[in-house]
Amino acid sequence: MSWDADGDNLAIIDDKTSSATLWDSLSFKISQIHTGVRKTSLLGKHTRRITCAVWNRNNIIALASDDKSITINSSEGDLIKHTVIHDQPSSLDFGRMKLDVTSGSEDNTVSCIIGKKKLFLLNLNDMENPLELAFRQAYGDLVAYHWFGDGYIMVGFSCGYFVVISTQSSEFGKEIYQIRDHKDSLHDISVSTVLNRCATVGDRCVKIHDLQNIRELTAIIELEQQEEELNSSNNNNNNMSTGSIDNNLLKYQLQWSDDGQLMAICTPQKLLHVFLSQLPLLASLASPNSTNLLARLTSLLEVTVEPIPNAKQIADLPELYRSSYLLKIETEPTFIGLGQKYLSVGINNHAWFYELTKSEIVLISEYDYLTTVDRISLNENYAAACGPDGKLTLHWVSINFKKIIILTDCSMFICSRTLYNVDENAIEDKCDQQNMAKIQNKLNKTLRNDDTNYLSHESCIFPQSTSFDLKITSFKLTNDFLIYSTNHGEIFHFNISNWNYANNYQHNCSILHIFPNAIGTRVAFVDEKGLAFIYNPANGQLIEIPEFCPSINNILWDLEDTENPLLIAYDNLRINVYRYFMNECILNNLSVIASSRKVDDMLKMPTKQITDKIQNDSILITNRNKNINNDTSRSNSVTSTKFSNDKIDSNKLATGAIFGNCHLIGVTRLPNNHLPLCSINGELCMLSPTGRLLTQLLTTHQFRLYSK
């Protein structure tokens, strides 16, 4: 049996038919397909029955036979190598032996079990010198093995042991680890490089280990058995325990899907168990300081909405916002979005929208986008969704204007228009059929022509450009703005209430990711060169984030540390912690750099005193970073009132300047396969591969463990 690359379908073949059985893990449907593939006869390769065959990535096929020989053949059937061995072969496979530093990444070694006692290795680059590895008799028979990592092999034995050996030249054949995982017997092993986990099955249970610390047992799964199954297993107990396992039908078999999400176990009683070993890391946070809620995928068909751990409580919120709520959904989503009042889940180009009421979460609408969507962002009323094609759709989540007053010839009444459909029953109760068309025409005219009405701002598609190759690379929806970046190096602030552009910035190369703060007044971004910056749309200031690792493509703003905020930049291995000082240095003259003493004095001043000093001395905001190309012709054709109060009048240049700066203050190791969601005063909240929430203090804030 084998999973497909996405982990959605399991293919099974048996010894009774020539068809393959397909099991759909999403719909639980079973189908049969006929294996009508093109056949090429390989005549004269073996004199007896061929017991196993395997392909490598270079279209080389290896065959093992009861005639105690192994042949290496091309895809056209040409014989490359014929090797005679001294016992029956089984479990034929290709792997990568690393005998020197020049060994590539291709599968260069044929391996198999010989006589249940030895492991046979034949390097395709040195086929005249095959190798055999023998093991201790106390381990029992060799029942399974698996290649993984940088030339390592995990080998399982019938007495419950498994060992890890190396094929690297400096330690070839050396046992790196030796663990007895099962008391009576071990039947099969499997390795997931995606999860960095290994699993063994035996004694009617599965044990899972972490490859980074293989002696650590991370989970045990007990396999359920009915009474008749137990009776059947007792009859075969002698064959399945410490002795040799002569028949594959009496074995447990184990395999992980390629993405590590599902693990399948086949039992001797012809039962197939499928376990969910890892959830997709899907989560979303509502706008900070609005509800302090987060939504996360806790099962394939379940989303949990709950308060952010250790976040400050917000008064006057309904009870639903103060406790955890489990929502059942129709299908496994690929994206999740959460706003102040709405939750969205979706797959492909379809999204479901739920409303967070005072007591429950209810489905209110569905939306079909023009193209596939993989990201979505919500605020109080709007949703913004974008996919790989770079087209973004901004639209109302739910239109519900409860007070549209329409004057007719017969009376004045109030009607409700929800989700693009007029409440015709309410209209019919007040008017006859003669006035129905007149009312509808007047309503349609209002929707089309009244720019002051929110109905005219129902939806919009970005980018609003005729350029063929222009794509949106990243975006975020705040309460006031839709902020997005493009592959042409632009960052746009689109004012939702005014329905026009408030600001735009032109960078010197393509922008890959943007990370605005909660209100959109600062935007951290990463460009295609692997550099990161913080942009201030109020004055056009741009500063570089120092010591930024090119592998980092995610940045979080601390939710509660806002005056001189904390920034969390992370990749798969580590977290860089930065402190962004909004008003770090004041220069008394643009041509003279302030002394360290003056800078220190300014940093100690309260923010109000700094602001007063700016006003008294007419100090202007400029950019200190000489290595950043600040284009003075940067387009700011439309200026929002949100930024205009902070704008600096270029006609009133003074002899001083104030500017922000960013400093790296520490590095924290990120646990394997964990997704950081937010930081609250230096305490990191993460989503684990099992869908659970974990919190961890950053190393820069460890002193809090010892403070009262």
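Tutor: Strands here are DSSP runs of E with at least two residues, numbered from the N terminus. Five bridges join S15 to strand S16 (residues 175-180), and the two run antiparallel; strands count as paired if DSSP finds at least two bridges between them. This is a predicted model, where local features need pLDDT of at least 70, side-chain atom pairs count only at pLDDT 80 or more, and totals for chains, interfaces and linings use all residues. Residues are numbered from 1 along each chain as its sequence is written, and side-chain values use heavy atoms, with hydrogens and water left out.

S15 also pairs with strand S14 (residues 152-157), again antiparallel and through five bridges. Met-154 is placed opposite Val-164 of S15. Three residues lie between the strands of this S14 and S15 hairpin, where Gly-160 takes a positive phi near 100°.

Now for the covering of S15, residues 161-166: six of its six residues are buried, meaning under 20% relative accessible area with a 1.4 Å probe, protein chains only. In a regular strand, side chains alternate between the two faces of the sheet. Here Tyr-161, Val-163 and Ile-165 are buried on one side, and Phe-162, Val-164 and Ser-166 are buried on the other.

For another sheet to set beside this one, look at the open sheet of four strands in the order S1-S2-S3-S4, with antiparallel pairing. Its edge strands, S1 (2-3) and S4 (30-34), each pair on one side only. Within it, four bridges join S2 (residues 9-12) to S3 (residues 19-24), and Ala-11 has Leu-22 as its bridge partner in S3.

Trp-557 and Tyr-580 form an edge-to-face aromatic pair, 6.2 Å centre to centre with 80° between the planes; rings of Phe, Tyr and Trp (its six-membered ring) pair if their centres lie within 6.5 Å, and planes over 60 degrees apart count as edge-to-face. Trp-557 lies in strand S47 (residues 554-557) and Tyr-580 in strand S49 (residues 574-587), so the pair ties together parts 23 residues apart in sequence. Both Trp-557 and Tyr-580 are buried.

How values were computed
Buried < 20%, exposed > 50% of the residue type's maximum accessible area, 1.4 Å probe, protein only. Phe/Tyr/Trp six-rings, centres within 6.5 Å; stacked < 30°, edge-to-face > 60°.
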